[in-house]
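Please keep the sequence and the coordinates at hand while reading.

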Amino acid sequence: RKDTVRYGGHTCCLSLRGAAGEYIVVDSGTGIRDLGERVMAEAGEAGSGPVRIHLLLTHFHLDHIMGFPYFQPLYSPHATVFVYAPVAPEETRKHLAGLMAGGYFPVGLDETRSTKVFLKCEPGLVIGGVAVSSCPLVHPQGSVAYRLECGGRSVVSATDTEHPEKGIDDRLAAFAGGAMCLVYDAMFTPEEYAA
């Protein structure tokens with residue numbers, strides 16, 4: 001976006017649409033708010049048909065989930081939000097419910113009108129014809145990269161990762177190999193890493 005090229009912007013939220021028309025979203029940073037508005041506007045134009053969102057969470061640091069309470073499909077009885085994470089479904093639900101609890105947010109997760117399904121991201125996952133795989137990343141408290149593949153095309157999202165002290169993360173390099181697009185952190189310069 002032209003208004004955020006130099007400063008600012010949103011925290012992590014990547015989206016794409018599968019061949020079946022379902023949204024696949026990686027992380028729910030602040031960018032998910034704009035996405036939710038667009039999804040619901042499109043659903044309104046289509047006569048309020050069912051909306052299906054597949055949200056893949058890399059980890060639960062605040063910058064990757066802080067937009068979740070502001071995601072409009074959560075509040076629609078026509079929406080089903082599938083939430084995948086690299087941990088047990090109960091843990092994912094607990095983290096997101098905590099974000100929307102008591103003094104943090106005026107509406108609790110259970111008060112939202114959408115259908116919510118919490119799942120662990122398992123090998124062999126396919127969403128609307130898109131194959132989803134994951135790779136552990138080097139990050140405090142852990143994180144994962146996701147690879148989305150369909151029809152010979154592939155995108156890898158690998159945010160919030162640090163390379164080992166010597167060299168690159170060979171596991172991530174192999175996982176991202178051959179991808180058409182790599183979404184990757186570029187937070188620190190080589191000089192900052194050395195310090």
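A nonpolar core is a set of buried Ala, Val, Leu, Ile, Met, Phe, Trp, Tyr and Cys residues joined through side-chain atoms within 4.5 Å, where buried means under 20% relative accessible area, exposed over 50% and partly exposed in between (1.4 Å probe, protein chains only). The model is predicted, so that local features need pLDDT of at least 70 and side-chain atom pairs count only at pLDDT 80 or more, whereas totals for chains, interfaces and linings use all residues. Residues are numbered from 1 along each chain as its sequence is written, and side-chain values use heavy atoms, with hydrogens and water left out.

**Nonpolar cores**
- The largest nonpolar core has 27 residues, and Leu 57 and Phe 68 are those with the most contacts inside it.
- Helix 1 gives this core its largest share, five residues (helices are DSSP runs of H or I, at least four residues, and strands of E, at least two, numbered from the N terminus).
- A second, separate core of 13 residues includes Leu 56, Leu 125, Val 130 and Val 132.

**Surroundings of Leu 57**
- Leaving out residues up to four places away in sequence, Leu 57 touches, among others, Asp 27, His 64, Val 83, Leu 96 and Tyr 146, contact being heavy atoms within 4.5 Å.

**Cys 150**
- Cys 150 lies in strand 8 (residues 143-150) and is partly exposed, with a relative accessible area of 32%.
- Beyond its neighbours within four places in sequence, Cys 150 is in contact with Gly 129 and Val 130.
- The C-alpha atoms of Cys 150 and His 78 are separated by 27 Å, the two residues being 72 residues apart along the chain.
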